[in-house]
Amino acid sequence: MQVIQRIIIGLLKLIKNNLQVLIPALVTIIGFFINFIIMKRQFKKAREERIIEKRTDAYFECYDCIDKIIDNKELLYNENYYSEVLSFKAKIKLLSSKNVISCYKKLLNEIFDLQKEFIEFKNEHDPSCNQKNYYEVTPDDCDSVSHEVCGITENDLQMYEDKVKKFKIAKQETIEIIINEIKDLCDAMRIDIGNRDSQ
């Protein structure tokens, strides 16, 4: 017990005699840790701000693309439109929250399904896709090369256009689902970039 008391007394004398050296060293160590914590937080915040900036840019591009549907629903039947929406997949997957990714996938699936149905419909009903409407014509001249002629009439084209109109009318419910998916995606993107109020 006396040994412990002597050690404590010795340490107190050492601290008392070296107080002028210990205080600046202690202040320096504490300052280093405070600066380290502050710098770590600043780097983390800067990284998060860069991600939000990139996310915001990607969301604006995506929004410009998907917002076109609200004004022009015919885009949904354009085969290139799906590719345009699909072009944001990498950015959305890398920069977005799970909610945005989920909404984006739902929208892609709805557009893909509608376009797949339309392509199948078109292949089945479009007279220009039916090989029966083409026939080969050989000129009377033996040296001439035969060529293919399309036998589609104006009536065939009009019937096809009527079928397309009926198809599109039948798909109005699907288009409304797609528009709701767009609204859900836009709301999720707003939340992701911190803008919860504007709609």
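## Buried faces, aromatic contacts and a surface patch

Tyr-81, Tyr-82 and Val-85 are buried in α3. Buried means under 20% relative accessible area, exposed over 50%, and partly exposed in between (1.4 Å probe, protein chains only). Seen down the axis of α3, these buried residues fall within an arc of 100°, so they line one face of the helix. The arc is taken from the directions from the helix axis to the C-beta atoms. An α-helix has 3.6 residues a turn, so residues three or four places apart point the same way. Helices here are DSSP runs (H or I, at least four residues), numbered from the N terminus.

This is a predicted model: local features need pLDDT of at least 70, side-chain atom pairs count only at pLDDT 80 or more, and totals for chains, interfaces and linings use all residues. Residues are numbered from 1 along each chain as its sequence is written, and side-chain values use heavy atoms, with hydrogens and water left out.

Stay at the start of α3. There, a side-chain oxygen of Asn-78 reaches to within 2.8 Å of the backbone nitrogen of Asn-80.

Now turn to the aromatic rings. Rings of Phe, Tyr and Trp (its six-membered ring) pair if their centres lie within 6.5 Å; planes under 30 degrees apart count as stacked, over 60 as edge-to-face, and the rest as tilted. The count by this rule is seven aromatic pairs. One of them joins Tyr-77 and Phe-167 edge-to-face, at 6.4 Å centre to centre and 70° between the planes. This pair links distant parts of the chain, 90 residues apart: Tyr-77 lies in the loop between α2 (19–71) and α3 (79–86), Phe-167 in helix α6 (residues 154–170). Tyr-77 is buried, at 10% relative accessible area. Phe-167 also counts as buried because its relative accessibility is 11%.

Phe-167 has a stacked partner in Phe-121, with 4.7 Å centre to centre and 25° between the planes. Again the pair links distant parts of the chain: Phe-121 sits in helix α5 (residues 98–125) and Phe-167 in helix α6, 46 residues apart. Phe-121 is buried, with a relative accessible area of 12%. Tyr-77, Phe-118, Phe-121 and Phe-167 form one aromatic cluster.

The surface comes last. Ile-4, Ile-8, Leu-12, Ile-15 and Leu-22 form a nonpolar patch there, with about 460 Å² of accessible area together. Such a patch joins nonpolar side chains (Val, Leu, Ile, Met, Phe, Trp, Tyr) within 5 Å, from residues with over 30% relative accessible area and no salt bridge. A salt bridge is a side-chain nitrogen of Lys or Arg within 4 Å of a carboxyl oxygen of Asp or Glu. Accessible areas come from the Shrake-Rupley method with a 1.4 Å probe; for residues, only the protein chains shown count as cover. Helix α1 (residues 2–17) gives the largest share of the patch, four residues. Ile-15 has its place in helix α1 and counts as partly exposed, at 40% relative accessibility.

Methods. Patches are made of residues with over 30% relative accessible area and no salt bridge: like charges are joined within 9 Å, nonpolar side chains (Val, Leu, Ile, Met, Phe, Trp, Tyr) within 5 Å. Helices (H or I, at least four residues) and strands (E, at least two) are DSSP runs, numbered from the N terminus. A polar contact is a pair of N or O atoms within 3.5 Å; within protein, one must be able to donate a hydrogen and the other to accept it, and residues adjacent in sequence count only if both atoms are side-chain atoms.
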